[in-house]
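Biologist: Can we go through this structure together? Please put it up and I'll ask as we go.

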Amino acid sequence: MNRTERTSTAKKGFFRIVFSRTGIILLLLLIQLILVMSYVYYLQEYMHYIYGAIMILEVIVLIYLINAEGNPAFKMTWMLCVLAFPIIGVVFYIFVKMQFGTRYMKKRLDTTKIETDQYMQQDPDVVAAIWASKSANANLSHYLSNQLGFPTYRNTEVRYFPLGEYKFRAMMEELKKAEKYIFMEYFIVEKGYMWGNILRVLRQKAAEGVEVRFMYDGMCAISMLPYNYPDQIRRYGIKCKMVNPVKPFLSTTQNNRDHRKICVIDGKVGFTGGVNLGDEYINRKVRFGHWKDTAVMLKGDAVQSLTMIFLQMWNVDEKKPDAYHRYLTKPANGLKRELGYVIPYADSPFDNENVGEEVYFHILNHAKKYVHIMTPYLILDNEMLTTLKRVAKSGIEVIIIMPHIPDKWYAFAVAKTYYEELIKGGVQIYEYTPGFVHAKVFVSDDDTASVGTINLDYRSLYLHFECGTFIYNNSEIDKIERDFQHTLEKCHKVTLIEVRKRTLLTKIVGQVLRMIAPLM
């Protein structure tokens, strides 16, 4: 394709987006934002009449912020906005706190969790076994099970995939074996080789009488899929829905995306990890160099949790309780008890529990030799930044692998503002020179790991729906660590000299964006 053809194709794509339903929605959102800003600006002309009222309201908001639950970084950012732009900051904060959509979603999630609690009961024998094995992990098990409803399982086989293409091949094989049901929940779905092949199997299975439910995040409708795509999929006999579809009105619920990646087959096999349903994730399309991603496949008892995590989200907008008992499975047979311990877990922005971050803190705080991390983003709150440095200063090897070719320049600019402080604190930072790291992996001491969807940034840790798998004393952890070391061989170690040589513009942009990082 020559330059003229590429230009013509780009123009057609641009106009297709602008004049599509998605373009209209974005335009309406922009108009609403401009109207709100104009209204606030108009009020400023009458400040001498309402200054006193605004000051009182500002003080009330600041007092509320100081005493509210939540991460201090979020509160500090909001306080900065309120103090720097009194009218705009106050109005927007009140607007965010008065969202009925988030309250409704929280209420529905609480309901579906109660409905599934009876299917997420902890086996006391597993608790006794993990206490005898490692008391620290027993404490994490207690927290995840008793506080959040995510049991610890044994009798579960784990298979780790160091690349998206390996996970894709294995998932295709397992999908073809489905006899009862297939549940799929993904953040990104894009037409192409990967999704085309998966959809072909889903259509075939639906025709055979297998119940197929497919759920994806509504952001896909912006540029990847038509807004009515669920209707198209339903014609194949597949139950399909968008989670939190983008709608033409301002709402903070549209800030809480479903970032999970879950596939469950017959309640016997489950997949999760960083791999979405797009060709770049399996390196059939090059976007940011070589795409390094990871995933895990579970077989056995722990799949039950992935099933229920999926159903909790699926039923948020359903009016009647689901027949959850239909998707229960008997304990797996033929698996070795020494397979270790597996805890599939999920995170929600509405439960006041930072589950993903707590799991990461646990791994860091109980490491004896090393903690090795792969993450595409590094936008840290003070607690995580302090913990990473403290652990490294204690003589424990802490290595973070980041992308060398980023997908979001602004996120990468913010990440680099942490580099000097981390390196001076003893944390080693490497960049994957062949391309982009999308993996979300923590591995420690040859016996503990977490693989899932949770990045080291505010969005994943606080704003998105996420999921992961905590693995302890399982032979597959050795493969995770070997993959880390193999990846490290393709990385460039970042030095203080290199960090300090950044251009002045890069430093300024990163530091300015870091001020609003919790709201990005």
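This is a predicted model: local features need pLDDT of at least 70, side-chain atom pairs count only at pLDDT 80 or more; totals for chains, interfaces and linings use all residues.

Biologist: Let's start with α10. What span should its 15 residues have, and how far apart are its end C-alpha atoms?

Modeller: Helix α10 covers residues 193–207, and at 1.5 Å a residue it should span 21 Å. Its end C-alpha atoms are 21 Å apart, so the two agree.

Biologist: Which residues of α10 are buried?

Modeller: M194, W195, N197, I198, L199, V201, L202, K205 and A206 are buried.

Biologist: Take α9, then. At what angle do α9 and α10 pack?

Modeller: The angle is about 10°, and the axes are 10 Å apart. Angles under 35 degrees count as roughly parallel, so α9 is roughly parallel to α10.

Biologist: Which residues meet there?

Modeller: From α9 there are F168, M171, M172, L175 and K176. They meet Y193, M194, N197, I198, V201, L202 and K205 of α10.

Biologist: How do the residues of the α9 and α10 contact divide by class?

Modeller: Nine are nonpolar, one is polar and two are charged.

Biologist: What comes just after α10?

Modeller: G209 does, with a positive phi of about 100°.

Biologist: Which residues other than glycine have a positive phi?

Modeller: N155 is one, with phi near 50°. N155 sits in the loop between α8 and β1 (156–161). N244 is another, with phi of about 50°, and its loop runs between β4 (239–243) and β5 (262–265).

Biologist: Is N155 buried or exposed? And N244?

Modeller: Buried means under 20% relative accessible area. N155 is at 5%, so it counts as buried. N244 is at 14%, so it counts as buried too.

Biologist: You mentioned α8. At what angle do α8 and α14 pack?

Modeller: Helix α8 (residues 135–147) and helix α14 (residues 355–365) pack at about 175°, with their axes 11 Å apart. That makes α8 roughly antiparallel to α14.

Biologist: Which residues of α8 and α14 meet?

Modeller: A136, N137, L140, Y143 and L144 in α8 meet V355, E358, V359 and H362 in α14. By class, this contact has six nonpolar, two polar and one charged.

Biologist: Change of topic. Where does T375 lie?

Modeller: T375 is in the loop between β10 (370–374) and α15 (382–393). It is buried, with a relative accessible area of 1%.

Biologist: What does the side chain of T375 reach?

Modeller: It reaches the backbone oxygen of Y377, at 2.8 Å. Leaving aside neighbours within four places in sequence, T375 has contacts that include I400, I401, M402 and P403.

Biologist: Last one, T487. Where is it, and what does it touch?

Modeller: T487 lies in helix α18 (residues 476–488) and is buried, with a relative accessible area of 4%. Not counting residues up to four places away in sequence, T487 touches K292, M374, I401 and Y432. The C-alpha atoms of T487 and P162 are separated by 9.4 Å, though the two are 325 residues apart along the chain.

How values were computed. Residues are numbered from 1 along each chain as its sequence is written. Side-chain values use heavy atoms; hydrogens and water are left out. Helices (H or I, at least four residues) and strands (E, at least two) are DSSP runs, numbered from the N terminus. The expected span of a helix is 1.5 Å times one less than its number of residues. Buried means under 20% relative accessible area, exposed over 50%, partly exposed in between (1.4 Å probe, protein chains only). A polar contact is a pair of N or O atoms within 3.5 Å; within protein, one must be able to donate a hydrogen and the other to accept it, and residues adjacent in sequence count only if both atoms are side-chain atoms. Contact means heavy atoms within 4.5 Å. Axes are lines fitted to C-alpha atoms, for helices over the stretch in contact, and angles run from 0 to 180 degrees between N-to-C directions. Angles under 35 degrees count as roughly parallel, over 145 as roughly antiparallel, 65 to 115 as roughly perpendicular and the rest as oblique. Ala, Val, Leu, Ile, Met, Phe, Trp, Tyr, Cys and Pro count as nonpolar, Asp, Glu, Lys and Arg as charged, and the others, Gly among them, as polar.
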